[in-house]
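Subject: Structure for you to look at

Hello,

Please find the sequence and structure below. My notes on a few parts of the structure follow.

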Amino acid sequence: MTKALFWQVMTAAVLLLTLSGGAGAATLVVVNKAEATVSLVDIASGEVRATLPVGEGPHEVGVSPDGRLALVGNYGVRNTPGSSLTLIDIPSARVVRTIDLGEYRRPHGIVWLGDGRRAVVTAETNKALLVVDTTTGEVVAAVDTDQEVSHMVAVTPDGGRAFVTNIRSGSVTVVDLETNTRVANIPTGEGAEGVAVTPDGATVWVTNRAADTVTVLDARTLEVVAELESPSFPIRAMATSDGRRVLVTNARSGDLSVFDVAGRSLERRMSLQVEASHVEGRLFGDTFGDSSVPIGILISPDDKLAFIAHSNADQITVVDLKSWSIAGALTAGKEPDGLGFSPHSVPVRPVNGAVMLAPRCGSKGAGGRR
């Protein structure tokens with residue numbers, strides 16, 4: 001048995017046990033940057049049920065509140081900025097529509113709003129946060145951040161405020177989503193990129209990748225309440241559903257930082273035990289040496305598992321958050337990055353008395369990187 005097959009079998013067994021009791025009917029949505037596709041992975045079995053073509057250079061994905069729709073930002077490639085979003089129906093594994101953003105370029109961070117119809121999307125080139133109506137395909141509002149490389153976005157649980165990280169400006173832009181106006185620009189640290197709001201809406205956690213720090217903001221007063229170290233190259237953050245922890249991926253060191261929210265302190269560092277296997281044509285190339293470049297992170301709603309996408313290893317590590325151990329590994333496409341969770345499954349479709357998975361669609365190809 002090959003090592004890859006061993007991990008696939010072991011991962012399926014662990015996931016079936018961990019997600020027993022009905023929660024196993026779920027899908028992991030994986031954005032594959034280097035092949036311009038999105039994979040729909042059955043979490044319980046680890047099978048890729050479908051792979052769908054999207055626009056060039058997709059980076060991030062947001063899943064609607066009901067879990068039925070995935071919205072993908074087609075960021076574009078080195079010399080060709082993207083200006084569209086792809087809307088996917090998860091249960092039927094089909095592309096519903098492509099939303100043309102017109103003048104708005106380099107869509108990246110995506111979060112759905114509570115109405116299940118609108119989503120906020122960053123547009124890097126335009127230094128803006130967009131509000132997009134996914135039903136009509138219209139940009140209904142655009143808020144100027146007045147900052148450079150507006151990249152990721154997080155929204156408070158009540159939907160009242162959005163927090164946009166600005167990599168080149170090293171700051172966070174606070175946006176009032178009721179009035180669609182900019183409230184403030186707050187310096188956090190060099191290379192501000194990842195951002196997460198705790199489930200109680202009390203604090204905002206920002207990863208400053210070039211500064212190797214994590215800044216904690218009071219979401220109401222907007223004051224900096226803590227500055228924590230997280231070497232090296234902290235790039236994404238996500239809070240657990242119980243609000244007790246924030247997990248941060250470190251792209252250069254290739255590991256995971258786990259922070260205690262109440263104590264505003266580092267609880268543990270966890271090796272992800274993956275090395276780079278693919279470098280050429282990837283966004284970060286060989287910048288980080290043998291690092292697998294873990295970026296995308298997703299925590300299951302029950303806080304049992306974390307999924308971490310390794311862009312330079314074409315692998316997704318599954319972490320057991322109870323034992324803090326590696327539960328297994330999944331594979332999707334080339335250069336996995338953004339991740340999303342849906343409680344809906346993509347069915348195995350019977351054809352002429354046989355059983356087959358939903359079709360794996362062809363790739364448009366992504367070319368180089370900026």
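Trp205 has Val216 of β18 as its bridge partner. The two strands involved, β17 (residues 203-208) and β18, pair in the antiparallel sense over six bridges; strands count as paired if DSSP finds at least two bridges between them. Helices (H or I, at least four residues) and strands (E, at least two) are DSSP runs, numbered from the N terminus. Four residues lie between the strands in the hairpin of β17 and β18, where Asp212 takes a positive phi near 55°.

This is a predicted model, in which local features need pLDDT of at least 70 and side-chain atom pairs count only at pLDDT 80 or more, while totals for chains, interfaces and linings use all residues. Residues are numbered from 1 along each chain as its sequence is written, and side-chain values use heavy atoms, with hydrogens and water left out.

Val216 also has a bridge partner in β19, namely Ala226. β18 and β19 run antiparallel and are joined by five bridges. Their hairpin has five residues between the strands, and Leu222 in the turn shows a positive phi of about 70°. Strand β18 (residues 213-218) is largely enclosed by the rest of the structure, because five of its six residues are buried. Buried means under 20% relative accessible area, exposed over 50%, and partly exposed in between (1.4 Å probe, protein chains only).

Ser230 sits in the loop between β19 (224-229) and β20 (234-239). Ser230 counts as buried because its relative accessibility is 0%. Leaving out residues up to four places away in sequence, Ser230 touches Asp212, Thr213, Val214, Val248, Asn250, Ser257, Phe259 and Arg269 (contact means heavy atoms within 4.5 Å). The side chains of Ser230 and Asn250 are joined by a polar contact of 2.9 Å. A polar contact is a pair of N or O atoms within 3.5 Å; within protein, one must be able to donate a hydrogen and the other to accept it, and residues adjacent in sequence count only if both atoms are side-chain atoms.

Elsewhere, four strands form an open sheet in the order β3-β2-β1-β28, with antiparallel pairing. β3 (48-53) and β28 (336-342) are at the edges with a single partner strand each, so one side of each has no neighbour in the sheet. Within this sheet, β1 (residues 27-32) and β28 pair over five bridges, and the bridge partner of Val29 in β28 is Gly340.

Regards
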